[in-house]
Amino acid sequence: MTNYDPTISCSETVKILSQYIEPAFAHDNCADIYDRLNGDASLVAIPVLEGDKPIGLLKRTEFMVRLADRFGRPLYSKQPATTLMDANAMVVESSVTVTELNQKIVTKNKEALQEGFIVVENGKYLGVGSALTLIQANMLHAEKKLQALHVAREAAEAASEAKSAFLANMSHELRTPLNAVIGFSDLILESKSGDIMCPTIIDYITDINSSGTHLLGMINTILDMSRIESGKYDLVENDEDPDELIDQAIRIMSPKALSKNIQIIKCLHDLDVSIKVDAQLIKQILINLLSNAVKFSPDGSNVFVSLNKEENGALSIVVRDEGPGVPQDMISEIIKPFTQLDGVLVRNHEGTGLGLPLVVAFTEAHGGIFH
């Protein structure tokens with residue numbers, strides 16, 4: 001593979017790969033042209049110049065047929081080259097891009113692919129292009145693109161590794177003091193310190209505890225997303241009862257639902273099946289979906305969870321709520337990391353915007369499909 005050189009632009013490719021062929025001149029006779037073509041089978045065409053400017057193209061097939069005709073040689077052998085040349089041959093400036101040349105040939109000059117074309121630089125003869133040189137130009141063009149993509153991929157991989165390393169280091173630096181804050185505030189709240197501290201201070205400590213717990217959860221979520229994106233998330237799979245996983249997720253989310261007078265209802269089913277999954281990730285999927293359902297549902301409504309067996313034998317877990325739903329044109333947006341439906345400037349609900357992207361990532365990591 002040719003080393004990628006970013007200084008070589010695609011516009012120069014035609015110049016580089018055009019083949020220089022010794023031109024004929026207007027006064028040269030056809031017999032001499034015939035001798036050249038007859039002696040060199042690789043000549044597809046010979047340009048005809050007037051001074052240093054091309055005025056036409058002697059195309060091998062047409063020239064040889066006409067000259068080899070029974071009366072062709074005596075009729076044309078002493079005639080000037082201009083008699084048998086194509087005065088309307090395709091002329092291409094060396095600065096044209098490969099893409100532009102392809103388009104021009106396909107739309108207007110298809111015969112040039114077989115019969116050849118003249119390459120000029122500022123109007124002066126430079127060489128002759130053919131199907132072979134065009135294929136070479138396209139191959140070089142594709143090779144440069146491939147090399148550029150390779151360089152870009154390496155840069156993206158390096159950036160991704162740097163991001164993962166940064167997040168891992170930062171998470172360690174953040175989680176250590178956060179765990180201390182959460183631990184000490186838990187200790188204070190669980191002790192009898194309420195007897196010696198006023199209710200306002202207790203409220204402050206409660207806020208510190210809940211804020212620290214929330215921040216720690218956000219850090220862990222971002223790290224999960226980073227590991228998924230870098231392909232470094234290994235599943236720990238075992239045979240699990242999906243019904244039990246649903247029950248566990250509902251128990252975890254029930255306090256949050258009750259705070260809004262929302263009831264989480266598990267639709268009855270007795271499939272008596274087990275699935276080979278990473279239980280922690282499946283529970284996280286369910287918790288994320290239930291959290292969204294509760295968050296966006298009106299007070300006093302219901303959230304439904306069901307486990308179904310599809311016609312093809314696959315299992316599907318469905319979470320349904322009575323909230324406003326998601327507009328069809330926004331579905332592709334909300335599964336992108338750090339995107340929230342409320343908008344960028346105004347957010348009516350807290351969160352990182354990673355809940356659904358993680359659901360998608362964890363589902364696909366199990367070979368599943370998320371709708």
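1. Start with helices α9 and α10. In this predicted model, α9 covers residues 242-258 and α10 covers residues 279-295. Their axes come within 9 Å. The crossing angle is roughly 35°, and α9 passes α10 in a right-handed crossing.

2. Next, the residues at that contact. On the α9 side they are L245, I246, Q248, A249, I250, I252, M253, K256 and A257. On the α10 side they meet A279, I282, K283, L286, I287, L290, S291, V294 and K295. By class, the contact of α9 with α10 has 13 nonpolar residues, two polar and three charged.

3. Now helix α5, residues 98-107. Which residues of α5 are buried? They are V98, L101 and I105. These residues lie on the same side of α5 because they cover an arc of only 60° around the axis. T99 and V106 sit on the other side of α5, and both are exposed.

4. Then the sheet. Three strands make it up, in the order β4-β5-β6. The sheet is open, and its pairing is mixed. Which strands form the edges? They are β4 (91-93) and β6 (124-129), each pairing on one side only. From one strand to the next, the twist averages 35°.

5. Last, the pairing of β4 with β5. Strand β5 spans residues 117-121. How many bridges join β4 to β5? There are three, and the two strands run parallel. For a specific place to look, find V92: V119 in β5 stands opposite.

Technical notes: Residues numbered from 1 in each chain as written. Predicted model: local features only at pLDDT ≥ 70, side-chain atom pairs only at ≥ 80, totals over all residues. Heavy atoms only, no water. Axes fitted to C-alpha atoms, helices over the stretch in contact; angles between N-to-C directions. Helix = DSSP H or I, 4+ residues; strand = E, 2+ residues; numbered from the N terminus. Left-handed = near helix turned anticlockwise from the far one by under 90°. Contact = heavy atoms within 4.5 Å. Nonpolar A, V, L, I, M, F, W, Y, C, P; charged D, E, K, R; others polar. Buried < 20%, exposed > 50% of the residue type's maximum accessible area, 1.4 Å probe, protein only. Arc of directions from axis to C-beta. Pairing = 2+ DSSP bridges.
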